[in-house]
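Subject: Structure handover

Hello,

The structure is below, with its sequence. My notes on the pocket and the ligand follow.

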Amino acid sequence: MDEKVLMLAAMAAREHAHCKYSGFAVGAALLTDDGQIYTGCNVENASYSLGCCAERTAIFKAVSDGKREFSAIAICGAPKGDEPDAPCIPCGACLQVMAEFCGDDFPIVLSDGVHVLKEFLPVRFTL
Ligand code: THU
């Protein structure tokens, strides 16, 4: 899978962001090991803390569809209406959720290139 294709899927998902409170639109596209793409956007709520990030939306969609093995995720984010040029680094909560299913070298595609999970989450919580 071409990382540019994955990023294009993330950008398309970003168009669906429900971000009327922050004004910050995020899209994510998660590639499964069997070649499917699950997309997600951030979904905010009038009760602010109930919102969900784009990455977790995509991961939860995939897991609830029976997928557990992931090959990469692409993420883009910027104020709604702006081009997502600057890299949108996933938040700590989303990194921990990625870590539930993915190893240290899981590729994270951002606007500036391909990173790996351990760059942003060098250690993870485990029980
Ligand atoms: N957001 C994401 O979707 N992903 C992240 O990794 C960080 C932040 C969303 C949450 C909220 O809707 C908006 O961006 C501003 O924080």
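The largest pocket has a volume of about 200 Å³. A pocket here is an open set of points on a 1 Å grid over the protein atoms alone, where a 1.4 Å probe fits, with protein on both sides within 12 Å along at least five of seven lines; lining residues have an atom within 4 Å of a point. Grid points are joined across faces, edges and corners, and the volume is the space filled by probe spheres set on them.

This is a predicted model: local features need pLDDT of at least 70 and side-chain atom pairs pLDDT 80 or more, while totals for chains, interfaces and linings use all residues. Residues are numbered from 1 along each chain as its sequence is written, and side-chain values use heavy atoms, with hydrogens and water left out.

The lining of the largest pocket has 15 residues, with V26, N42, E44, C53 and A54 nearest the centre. β1 and α2 are the elements that give two or more residues to this lining; helices (H or I, at least four residues) and strands (E, at least two) are DSSP runs, numbered from the N terminus.

The ligand sits in this largest pocket, meaning that more than half of its atoms lie within 2 Å of the grid points.

Regards
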